[in-house]
Amino acid sequence: MATPADKLWRNARLATMTGDGLGLVEHGAVAAAGDTIAYAGPESDAPDAIEIIDCEGRWITPGLIDCHTHLVHAGNRAREFEARLEGATYEEIARAGGGILSTVTATRAASEDELIASALPRLDQLIAEGVTTVEIKSGYGLTLDDELKMLRAARRLAAERRIRVRTTLLAAHAVPPEYKGDADGYVDLVCEHIIPAVAGLADAVDAFCEGIGFTPEQTGRVLAAAVAHGLPVKLHAEQLSNLHGAALAARHGALSADHLEHLDDAGIAAMAASGTVATLLPGAFYFTREERRPPIAALRAAGVPIALATDCNPGTSPMASILLAANMGATFFRLTVAECLRGITVNAARALGLQDRTGMLEPGKAADLAIWNVTDLAELVYRIGANPLHARIHAGQ
């Protein structure tokens, strides 16, 4: 007789995210052995289990994934929000010493414990909506010690809460004040000292390729240094202009290129060829009142996987709701319900290099589940300000 599973969630409807769609299973069940899915499919074929949970006909999806956040930071930028309402642009604020650098000042002054304390309420909001995996970037320290401090704080959040955390070094986020006028010198620091020092603390390396960030040449140096140290790369690309960052990222085998409002056909083709995920950030699009949308139809036609994320950050997307990000993806970018749900599960997992571990209800994947009080999966994208989560399961618990 086969060994029974530890837990069985029965009498459920499943959105497994397997295949190209939602992978729907009516009258379904999910079984876990320890922290891993042992079975997901029709209840009639489910194994025996030590503990059986009746889901009473509820929907089960994979645990949700927020694959682009700046969750660890100090302070806020509410006054800059007010300035934008009065007519200032994001670029004008940044060039006047605000923007990212104002958060850098606050974050440098904060202790590691203070950063954790300030991040936990934001993390708890995501967890309350069924998020079981979150990516957290550094990038508000811009010194070796402060970048390491941010990455340590991000890692420690996984000990404070039951959640999988992926960390990303974003030292190439802005040129710090002490390097004003010497962006190349700061890139030297990033490539020669910061990247080599983050082994074991960072799962990937990111950069901000933009007129107010770093040039394509500087960005390419950062990405090459990361790859040389065995770290996968991601890139903030084509948010405010087209510097061909997405194609640059793709040439380095990037996991994802993010934002992409100004993405062109060459960038799309490069991403399709490399398997780079297009991570869209509708919260930033909304909050900065942008008008140019990412080229959704062209991304679809090229078969580029599309992920959605909150971009939770203090300046351009102070949003800690993955469900709202899904709604915005539908309303602003005209993504379908299926695209939105895949964008916060299986494609978000791909954007983090975790497609073999999570993002689908499939044997061998992590037993990360979200159980919902909805009658139709479209409700997860359709409702605004509602949280229909019934239960969140992380690693089988």
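The largest pocket here has a volume of about 440 Å³. A pocket, on a 1 Å grid over the protein atoms alone, is an open set of points with protein on both sides within 12 Å along at least five of seven lines, whereas a cavity is a set of points where a 1.4 Å probe fits but cannot get out. The model is predicted: local features need pLDDT of at least 70, side-chain atom pairs count only at pLDDT 80 or more, and totals for chains, interfaces and linings use all residues. Residues are numbered from 1 along each chain as its sequence is written, and side-chain values use heavy atoms, with hydrogens and water left out.

**The largest pocket**

- Its lining has 21 residues, and those closest to the centre are Ala94, Arg95, Leu101, Val175 and Ile212; a lining residue has an atom within 4 Å of a point.
- Helix H2 (90–95) and helix H3 (100–109) are the elements that give two or more residues to this lining, and H2 gives the most, with 3 residues. Helices (H or I, at least four residues) and strands (E, at least two) are DSSP runs, numbered from the N terminus.
- By class, the lining of the largest pocket has 11 nonpolar, 7 polar and 3 charged residues. Here Ala, Val, Leu, Ile, Met, Phe, Trp, Tyr, Cys and Pro count as nonpolar, Asp, Glu, Lys and Arg as charged, and the others, Gly among them, as polar.

**The second largest pocket**

- This pocket has a volume of about 300 Å³; a volume is the space filled by probe spheres set on the grid points, which are joined across faces, edges and corners.
- Of its 13 lining residues, Val304, Pro305, Ile306, Arg342 and Asn347 lie nearest the centre.
- At least two lining residues come from each of helix H11 (296–302), helix H13 (337–343) and helix H14 (346–351), with H13 giving the most, 3 residues.
- The lining of the second largest pocket divides into 5 nonpolar, 3 polar and 5 charged residues.

**Cavities**

- There are 3 cavities of 30 Å³ or more.
- The largest cavity has a volume of about 130 Å³. Among its 14 lining residues, Tyr90, Ile100, His173, Asn313 and Thr316 are the closest to its centre.
- In the lining of the largest cavity, 4 residues are nonpolar, 8 polar and 2 charged.
- The second largest cavity holds about 50 Å³ of space, and its lining includes Glu135, Arg166, Asp203, Lys234 and Leu352.
- Strand S8 (residues 164–172) supplies the largest share of the lining of the second largest cavity, 3 residues. That lining has 5 nonpolar, 2 polar and 4 charged residues.

**Helix H4 against helix H5**

- Helix H4 (residues 112–128) and helix H5 (residues 144–160) pack at an angle of about 50°, with axes 9 Å apart. Axes are lines fitted to C-alpha atoms, for helices over the stretch in contact, and angles run from 0 to 180 degrees between N-to-C directions.
- H4 and H5 are therefore oblique to each other: angles under 35 degrees count as roughly parallel, over 145 as roughly antiparallel, 65 to 115 as roughly perpendicular and the rest as oblique.
- On the H4 side, the residues that meet H5 include Glu112, Asp113, Leu115 and Ile116, and their H5 partners include Lys149, Met150, Arg152 and Ala153; contact means heavy atoms within 4.5 Å.
- The residues of this H4 and H5 contact divide into 8 nonpolar, no polar and 6 charged.

**Helix H6 against helix H7**

- The axes of helix H6 (residues 183–197) and helix H7 (residues 216–228) cross at roughly 5° and come within 10 Å, and H6 and H7 are therefore roughly parallel to each other.
- Residues of H6 in the contact include Ala183, Asp184 and Val187, and those of H7 include Glu217, Gln218 and Arg221.
- The contact of H6 with H7 has 8 nonpolar, 1 polar and 4 charged residues.
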